[in-house]
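Here is a short briefing to read with the model open beside you. Take the topics in any order you like.

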Amino acid sequence: MTSAMTMSEPRERLVETASEDETEAIAAELALELRGGDVVHLSGDLGAGKTRFAKGLARGLGLHPDDIRSPTFSFIDIHAAPEGRSLGFVHVDLYRIANAAELAELGLEELPGPAAIAAIEWPERLPPGMHPRVTVSLSDLGNDTRRIKIRMG
Ligand code: ADP
Ligand code: MG
């Protein structure tokens, strides 16, 4: 018997990239599978490639990767959808968040809205229990090699 509500299995992909360009390309491809309202958590140590991955997501949405810089001090950058495209890009970097009050001030629960996708660096700083549709974990395997695990609900 099939259940009335079919839940799709989460899909997991594991790739290794050998350059920052390859990481960006993987992210740009992933962006094509995203839909408005999606949140992407980007986990990994400093230098793992989270921002490079965010640039790729943005490129996949039609933005220019050079316009994407980690909002280390402002925490959130909002990039409007490029002309002729439907999705904007909200880039969040929580590395320097000091406490729950500062986090609450950002109003993250209102983001990204239906016409954008959000990428969050340092999602470990969020309160527990948030389950984004997409989780990306990057790890540095040495030199220019990065292991990237993409889990999509
Ligand atoms: P994070 O945001 O996780 O701190 P960044 O994306 O800012 O990391 O930086 C990643 C660094 O690693 C960059 O200097 C980039 O050039 C370098 N790098 C080397 N190889 C790769 C790779 N395969 N993928 C992503 N970045 C790489
Ligand atoms: Mg970063």
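A residue counts as buried when its relative accessible area is under 20% and as exposed when that area is over 50%, with partly exposed in between. Keep in mind that this is a predicted model.

- Strand E7 covers residues 146-152, and its covered face carries Arg146, Ile148, Ile150 and Met152.
- The uncovered face of E7 holds Arg147, Lys149 and Arg151.
- E7 pairs with strand E1 (residues 11-17) in the antiparallel sense, over seven bridges.
- On the E1 side of the sheet, you can look for Thr17, which stands opposite Arg146 in E7.
- Strand E6 (residues 134-140) also runs antiparallel to E7, and seven bridges join the two.
- Thr135 has Arg151 as its bridge partner in E7, and Arg151 belongs to the uncovered face.
- The hairpin of E6 and E7 has five residues between the strands, and Gly142 takes a positive phi there, near 105 degrees.

**Polar contacts of ligand 1**

- An N or O atom in the side chain of Thr23 is 2.6 Å from a nitrogen atom of ligand 1.
- For Lys50, a polar side-chain atom lies 2.7 Å from an oxygen atom of the ligand.
- Glu121 also has a polar side-chain atom by an oxygen atom of ligand 1, at 3.2 Å.
- Taken alone, ligand 1 exposes 570 Å², and the protein buries 76% of that.

**Asp38, a loop residue**

- Where is Asp38 found? It sits in the loop between H1 and strand E2 (39-43).
- Is Asp38 buried or exposed? Asp38 has a relative accessible area of 5%, which is under 20%, so Asp38 is buried.
- Leaving aside residues up to four places away in sequence, Asp38 touches Pro112, Ala116, Ile117, Ala118 and Arg133.

Key
Residues numbered from 1 in each chain as written. Chains lettered and ligands numbered in written order. Predicted model: local features only at pLDDT ≥ 70, side-chain atom pairs only at ≥ 80, totals over all residues. Heavy atoms only, no water. Polar contact = N/O pair within 3.5 Å; in protein donor to acceptor, adjacent residues only side chain to side chain. Areas by Shrake-Rupley, 256 points an atom, 1.4 Å probe, with all protein chains shown as cover. Helix = DSSP H or I, 4+ residues; strand = E, 2+ residues; numbered from the N terminus. Buried < 20%, exposed > 50% of the residue type's maximum accessible area, 1.4 Å probe, protein only. Contact = heavy atoms within 4.5 Å. Pairing = 2+ DSSP bridges.
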